[in-house]
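Biologist: Please put the model on the screen, and let us go through it by question and answer.

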Amino acid sequence: MAIVNRTPDSFHDKGATFALDRAVDAALASVADGADWVDVGGVPFGRGPAVELAEELDRIVPLVAAIRAASDVVISVDTFSARVAEAAIAAGADVVNDTSGLWDPDMAPAVAATRAHLVLTHSLTPPRTPHPSPRYDDVVDTVVSHLRDRIERAIAAGIPVERLIVDPGHDLNKNTLHSLELTRRLGEVASLGLPVLVALSNKDFVGESIDRPQYERLEGSLAAAVVSIVNGARIVRVHDVRATVAAVRMTEAILGWREPAWLKHNM
């Protein structure tokens, strides 16, 4: 899953793809680099100035429409607004990536009325709200319990279970020790029986673990992605598509899920 943000204050690219043409170019370039999926966002989950509904719609809908016109790649929209989700799906989005975990009470019914899939994510606070010192007795048990509750809410709203995906929410209201524990014990999240998405790329838990600043975390991000796949992840949300595709394909080959691209050595 490639990340393309139309935000001036995004976590990683700092607005590099805020212009519509740059965002479209970035999305199509990620597909050329091997991405199966493009995740587009118009409002960062973390703290920052409020973004009006009309502004988020203006950032998201034209981008989704342009990508859909140029490619059959899977498109998800990273939003916690049911109104934005509805408009994005109408424009061609296949998935709603709700990092707030159904904070908008209209989200699940809005997705249920369509054929779109829904990503359910663990977080503690409303979007755009800091939670600087989260505490858990057992972070994995808490995340699994939270996700189980959100699955039940989504099904009750009319979304078939086969259209649901779960994300433990690395670094979302969690410190580095929490995120490392989630990665080690990701199999417990996978035991919920739904596809697991992990959003690890360049996050602070990677930087703190290997003592690297934000733009020097590729190797750590790749290692976290590989361990997550071995432990049950099936979707990896990333900034560095080409390198991650290679790491993922090698992991799949080792696990026997993918045939080698060619066989010549000692054959």
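Biologist: In which segment is the place of Asn266?

Modeller: This is a predicted model, in which local features need pLDDT of at least 70, side-chain atom pairs count only at pLDDT 80 or more, and totals for chains, interfaces and linings use all residues. Residues are numbered from 1 along each chain as its sequence is written, and side-chain values use heavy atoms, with hydrogens and water left out. Helices (DSSP runs of H or I, at least four residues) and strands (runs of E, at least two) are numbered from the N terminus. On that numbering, Asn266 belongs to the segment after α10 (241–255).

Biologist: Is Asn266 buried or exposed?

Modeller: Buried means under 20% relative accessible area, exposed over 50%, and partly exposed in between, with a 1.4 Å probe and protein chains only. Asn266 has 71% relative accessibility, so it counts as exposed.

Biologist: What phi does Asn266 have?

Modeller: Most residues other than glycine have a negative phi. Asn266 is not a glycine, yet its phi is positive, at about 55°.

Biologist: Where is Asp171 found?

Modeller: Asp171 is another non-glycine residue with a positive phi, about 70°. It is found in the loop between β6 and α6.

Biologist: How far apart should the ends of helix α5 be?

Modeller: Helix α5 covers residues 139–156, which makes 18 residues. The expected span is 1.5 Å times one less than the number of residues.

Biologist: Within what arc do the buried residues of α5 fall?

Modeller: The buried residues of α5 are Val139, Val140, Val143, Val144, His146, Leu147, Arg150, Ile151 and Ala154. The arc is taken from the directions from the helix axis to the C-beta atoms. Seen down the axis, these residues line one face of α5, because they fall within an arc of 165°.

Biologist: Over the ring of which residue does the charged end of Arg6 sit?

Modeller: A charge sits over a ring if NZ of Lys or CZ of Arg is within 6 Å of the ring centre and within 35 degrees of the ring normal. The charged end of Arg6 is 5.9 Å from the centre of the ring, and that ring belongs to Phe18.
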